[in-house]
Amino acid sequence: MLGVQLSHACWAVGALTALLTAFYMTRSLVMTFFGEYRGHAHPHESPWVVTVPLVILAILSAGFGFLFGEDFLHYLGAWTRADLQGGHEVLAHNHTYHLLENVSIAIALAGI
C-alpha cells in the first residue's frame, strides 16, 4: 500500500514541478522577447571563449545522436520498463498512458 501512495506522491510532485516550470519558462520568454529592456549595459554577443566550446559540444552531440542514437536507445532498454520498450504501437492500446498524457498536456497549458 505504501508503494502505491509513494508513487502517487512522486507523480504529484512531478506534476507540480511541470506546472511551475511551464509558468516560469513562459514568463521568462515573455519578459525576454516581449518586455521592455531593463538592463544597464548594451547587450552583445558572447565572446569566443564561450561560443567555441558550445559549437564543439553541439557538433559532438549531433554526431553522436546521428551515429549511435538508435543503438543507444536499445542500450538504455535494460533500465526501461518492459511495457514501454515496445514503442508507440504497444502504448496506443494503453488507456492509462493516454490519460496521463492528456493530464500532462493540461498541466503544461495551465502553467502557460
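## Nonpolar surface patch

Phe64, Phe66, Leu67, Phe68, Phe72, Leu73, Tyr75, Leu76 and Trp79 form a nonpolar patch on the surface of this predicted model. Together these residues have about 1100 Å² of accessible area, computed by the Shrake-Rupley method with a 1.4 Å probe, where for residues only the protein chains shown count as cover. Patch residues have over 30% relative accessible area and no salt bridge, and nonpolar side chains (Val, Leu, Ile, Met, Phe, Trp, Tyr) are joined within 5 Å. A salt bridge here is a side-chain nitrogen of Lys or Arg within 4 Å of a carboxyl oxygen of Asp or Glu.

One of the patch residues, Phe68, lies in helix H2. Phe68 is partly exposed, at a relative accessible area of 43%; buried means under 20%, exposed over 50%, and partly exposed in between (1.4 Å probe, protein chains only).

Helix H2 covers residues 48-76, 29 residues in total. The C-alpha atoms at its ends are only 36 Å apart, short of the 42 Å that a straight helix would reach; the expected span is 1.5 Å times one less than the number of residues.

At Phe68, H2 bends by about 70 degrees. The bend is the angle between axes fitted to the seven residues ending at a residue and the seven starting there.

## Overall fold and surface

The protein has four helices and zero strands, in the order α-α-α-α along the sequence. Helices (H or I, at least four residues) and strands (E, at least two) are DSSP runs, numbered from the N terminus.

Of the 112 residues, 5% are buried. The protein exposes about 9900 Å², with 72% supplied by carbon and sulfur atoms.

Leu16, in helix H1, is partly exposed, with a relative accessible area of 48%. Its C-alpha atom is 9.9 Å from that of Ala108, although 92 residues separate Leu16 and Ala108 along the chain.

## Confidence and conventions

Mean pLDDT, the predictor's confidence in each residue from 0 to 100, is 85 for the protein, and 87% of residues reach 70 or more. Confidence is highest in helix H1 (residues 2-33), at a mean of 90, and lowest in helix H3 (residues 88-91), at 66.

Residues are numbered from 1 along each chain as its sequence is written, and side-chain values use heavy atoms, leaving out hydrogens and water. In this predicted model, local features need pLDDT of at least 70 and side-chain atom pairs count only at pLDDT 80 or more, while totals for chains, interfaces and linings use all residues.

Note on methods:
Patches are made of residues with over 30% relative accessible area and no salt bridge: like charges are joined within 9 Å, nonpolar side chains (Val, Leu, Ile, Met, Phe, Trp, Tyr) within 5 Å.
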